[in-house]
Amino acid sequence: MTGVNGAGKTTTIGKIVHIAQKSGYRCLIAAADTFRAAAVQQVQVWGDRSNVEVIANPGKNTDPAAVVFDAIAAAQSRGTELLIVDTAGRLQNKKNLMDELSKIRRIIDKKAPNAHVESLLVLDSTLGQNGLRQAEVFSEAAQLSGVVLTKLDGTAKGGIALAVVQQLNLPIRFIGAGEGIEDLRPFSSYEFVEALLNG
Ligand SMILES: Nc1nc2c(ncn2[C@@H]2O[C@H](COP(=O)(O)OP(=O)(O)OP(=O)(O)O)[C@@H](O)[C@H]2O)c(=O)[nH]1
Ligand SMILES: [Mg+2]
């Protein structure tokens, strides 16, 4: 899960593991946001809500790629079916942080060559056109396969979604419609267009 600061990555992870766990998948979370002090605790709280274990490195400012490496090893030895990686929020113009993201992606591809990898950009739908530039840069660094549109419970209608799909050719996988654990829905283009035109 990738995206700029505060887009809703960690919350979305909490929501996704909730659905996945309920659907019977064996899940694991990698706490690869080693940048912000409270980030590991935050994702841990979400893991606890669904009884999903979180792989973290207790050290300070540790290498997030190393956490991902460890989490993949744990997932492989346990027969985990879904491993979700929480990453630190980053601005797309910070080259070193985008390089860090590429490194995480390389580790995943190398260490789990047979895994089905979904690389999702979590996009705050209240941000409008700024989202598009983000998506382009993230797409290169993390080889995005889709988008999650968050905060659609507010006044934002997420018109940016049209541009994301058209210009980047990325599917929208989920929408976030609130801060609660149940506030995640699969994306429906029909409902989305109805809301965009009528709401
Ligand atoms: N209203 C609303 N708020 C949301 C939604 N998703 C996330 N939030 C809120 O947005 C804020 C940021 O969410 P996080 O999940 O911490 O975002 P993040 O991308 O992990 O942030 P960083 O790790 O700091 O980059 C929190 O207050 C969340 O409750 C949503 O769909 N709707
Ligand atoms: Mg986070």
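Biologist: Which residues of helix H6 (residues 160-168) are buried?

Modeller: This is a predicted model. In helix H6, the buried residues are Ile160, Ala161 and Val164.

Biologist: What puts the buried residues of H6 on the same side?

Modeller: The buried residues Ile160, Ala161 and Val164 cover an arc of only 105 degrees around the axis, which puts them on the same side of H6. Gln166 and Gln167, on the other side of H6, are exposed. An α-helix has 3.6 residues a turn, so residues three or four places apart point the same way.

Biologist: What covers the buried residues of H6?

Modeller: The cover includes helix H5 (130-142), strand S5 (146-150), strand S6 (172-176) and helix H7 (189-198). Just after H6, asparagine 169 takes a positive phi of about 60 degrees.

Biologist: What makes S5 and S6 a pair, and in which sense do they run?

Modeller: Pairing requires at least two bridges. S5 and S6 have three, in the parallel sense. Valine 147 has isoleucine 172 in S6 as its bridge partner. From S5 the chain crosses through H6 to S6, and this β-α-β crossover is right-handed.

Biologist: How do you know that S6 also pairs with strand S7 (residues 184-186)?

Modeller: The criterion is again at least two bridges, and S6 and S7 have three, here in the antiparallel sense. The bridge partner of isoleucine 175 in S7 is arginine 185.

Biologist: How many bridges join strand S1 (residues 27-32) to S2?

Modeller: Three bridges join these parallel strands, and the threshold for a pair is at least two. Isoleucine 29 stands opposite valine 54 in S2.

Biologist: How does the span of helix H3 (residues 64-78) stand against the expected value?

Modeller: H3 has 15 residues and reaches 21 Å from its first C-alpha to its last, close to the 21 Å expected at 1.5 Å a residue. Its buried residues are Pro64, Val67, Val68, Ala71, Ile72 and Ala75. They cover an arc of only 135 degrees around the axis, which puts them on the same side of H3. These buried residues pack against S1, S2, S3 and helix H4 (95-111).

Biologist: Why is alanine 112 called partly exposed?

Modeller: Alanine 112 has 16 other C-beta atoms within 10 Å. Buried would require 20 or more, and exposed 12 or fewer, so a count in between is called partly exposed. Alanine 112 lies in the loop between H4 and strand S4 (120-124). Between alanine 112 and leucine 101 there are 16 Å in space, C-alpha to C-alpha, and they are eleven residues apart in sequence.

Notes:
Residues numbered from 1 in each chain as written. Chains lettered and ligands numbered in written order. Predicted model: local features only at pLDDT ≥ 70, side-chain atom pairs only at ≥ 80, totals over all residues. Helix = DSSP H or I, 4+ residues; strand = E, 2+ residues; numbered from the N terminus. Expected span 1.5 Å × (residues − 1). Arc of directions from axis to C-beta. Contact = placed C-beta atoms within 7 Å. Right-handed = clockwise from strand over helix to strand, strands pointing away.
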